[in-house]
Amino acid sequence: NSELQLELRLMAYGSDQVLFLARDVSKIKRLEEMRRDFVANVSHELKTPLTVVRGYVEMILTTEHALEPHWQKAFTTIETQVSRMDRLVEQLLVLSRVENHAEEENKQLVDMPKLIKTLVDDATWLNQEKQHKITADLSDDLWIEGIDTELKSACVNLISNAIAYTPAHGSVHIVWQRSGNKAKFSVKDNGPGIRPEHVNRITERFFRVDKSRSRDTGGSGLGLSIVKHVLHHHSAELAIESQWGKGSEFIIYFEALNKK
Ligand code: ADP
């Protein structure tokens, strides 16, 4: 039966015996697939109505007739909330894409210094009002094999988290360098840091340390689960070094490859 999926386990049992366990996980896997398809379909269907609502609200807000203050406030609130929902749906779509492994076949040599440089420039441009000091130290000839859209998602999420959670006038330092036989991507900030008891949980889907503060930053709680899935596809590892009250560093270790 090609549908049958077994989970096999071999365990020591006493000093001279072993226990062999075979568990049928076909149903669990099928349910998991249905959940993923459901999330992907719902997110996809939500995209169009959201775009329409957003378009009309923007049209109302930019009309040449001045709105009465209470209408102005109401439509501005709708615009903020619709934009939040739009970002959440966008993140859900990215997550289901990386969960479904749709782009597994498309691995190629990726010019990481160029990709990261563009992200750093965009982040600097888009976040001028926070007046962060955003710096980067990128090794020009260090390329890796991977799926460029996914690598971009992972790097964007770490950079935008550092910028979002670090209060104004903070510093964010991005590194792309060789480290031993690995390629290291790191984003270090001097923001609030993460308590040790939360560090292991923050890559879970929808986990946010401080829900109300995260809401203010426009977060969805999905960014780091996207990072986790991308890293899984690239046999890469994530290390989180954080000191509560001092700042955080998110480091990804990839298999290194020099530019060909
Ligand atoms: P979100 O969309 O909420 O940012 P993430 O999955 O990207 O979702 O992050 C999960 C949580 O981890 C965040 O809500 C935040 O509490 C915490 N976090 C992530 N990055 C940082 C950081 N650089 N500094 C402090 N906290 C962070």
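Contact here means heavy atoms within 4.5 Å, and helices (H or I, at least four residues) and strands (E, at least two) are DSSP runs numbered from the N terminus. The structure is a predicted model, in which local features need pLDDT of at least 70 and side-chain atom pairs count only at pLDDT 80 or more, while totals for chains, interfaces and linings use all residues. Residues are numbered from 1 along each chain as its sequence is written, and side-chain values use heavy atoms, with hydrogens and water left out.

Met112, Pro113, Leu115, Ile116, Leu119, Val120 and Ala123 are its buried residues (under 20% relative accessible area, with a 1.4 Å probe and protein chains only; exposed is over 50%). They lie on the same side of helix 3 because they cover an arc of only 160 degrees around the axis, judged by the directions from that axis to the C-beta atoms. Lys114 and Trp125, on the other side, are exposed. The cover over the buried residues includes strand 3 (108-110), strand 5 (142-146) and helix 4 (148-165).

Two of these strands also belong to an open sheet of three strands, ordered 3-5-10 with antiparallel pairing (pairing requires at least two DSSP bridges). Strand 3 and strand 10 (257-258) form its edges, each pairing on one side only. Strand 3 and strand 5 share three bridges, and Gln108 has Gly146 of strand 5 as its bridge partner.
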